[in-house]
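Hi there,

Here is the model I promised to pass on.

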Amino acid sequence: MIRQLLAEEVLPMNLLLLADPSERLVREYTSRGTCYVLEKEENIIGVYVLLPTRPDTVELVNIAVDEGYHGQGWGKQLVLHAIQEAKKQNYRTIEIGTGNSGVTQLALYQKCGFRMVSIDRDFFLRHYEEPIFENGIQVIDMVRLEMDLM
């Protein structure tokens, strides 16, 4: 079951930090967005955040699934749920960004209907103090994708 995290509940920081290693940035955008969690047998195994960015636009940020549940389709369920939530909330556009080395994520987002629109060069160099590596590649640029919801 995917549901909105209640205000009195503690953020699932262990999961959020899987997708974004900066606790400072995670706390900043979760304070402005809405956190949703995926529960299985009363345990939170997945998370995402919807963050309003501009009028009629929301960004899907920080999608993460507990490593013990990878490869079982939970990430796709989270992305599809986020798209439906954005539609229910009458957003016209949903955006998402991922690192240049996130080949699995890029494939998933495109399978769910997102299209690449731009590259934010040096994003991870500007916003993160420590270098991030994924798939043996340094994460430097942010690949931006979006979907028209209307």
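A nonpolar core, as I use the term, is a set of buried Ala, Val, Leu, Ile, Met, Phe, Trp, Tyr and Cys residues joined through side-chain atoms within 4.5 Å. Buried means under 20% relative accessible area, exposed over 50%, and partly exposed in between, with a 1.4 Å probe and protein chains only.

Before the findings, a word on the source. This is a predicted model, in which local features need pLDDT of at least 70, side-chain atom pairs count only at pLDDT 80 or more, and totals for chains, interfaces and linings use all residues. Residues are numbered from 1 along each chain as its sequence is written, and side-chain values use heavy atoms, leaving out hydrogens and water.

On confidence, pLDDT (the predictor's confidence in each residue, from 0 to 100) has a mean of 95 over the chain, and 100% of the residues reach 70 or more. Helices (H or I, at least four residues) and strands (E, at least two) are DSSP runs, numbered from the N terminus. Confidence is lowest in strand S7 (residues 133–134), with a mean of 92, and highest in H3, at 98.

Now the inside. The largest nonpolar core holds 27 residues, and Tyr48, Leu60, Ile94 and Phe114 have the most contacts inside it. H3 gives the largest share of this core, 6 residues. Contact means heavy atoms within 4.5 Å. Leaving aside residues up to four places away in sequence, Leu60 touches Tyr48, Val49, Leu50, Val79, Ala82, Ile94, Glu95 and Ile96. There is also a second, separate core of 20 residues, which includes Val26, Cys35, Val37 and Ala64.

Next, the sheet. Two strands pair if DSSP finds at least two bridges between them. An open sheet is formed by 7 strands in the order S1-S2-S3-S4-S5-S9-S6, with mixed pairing. Strand S1 (2–4) and strand S6 (115–120) are at the edges with a single partner strand each, so one side of each has no neighbour in the sheet. Within the sheet, S4 and S5 pair in the parallel sense over 4 bridges, and Glu59 stands opposite Glu95 in S5.

Is it buried or exposed? Ile119 is exposed, with a relative accessible area of 56%. Not counting residues up to four places away in sequence, Ile119 touches Asp141 and Met142.

Best wishes
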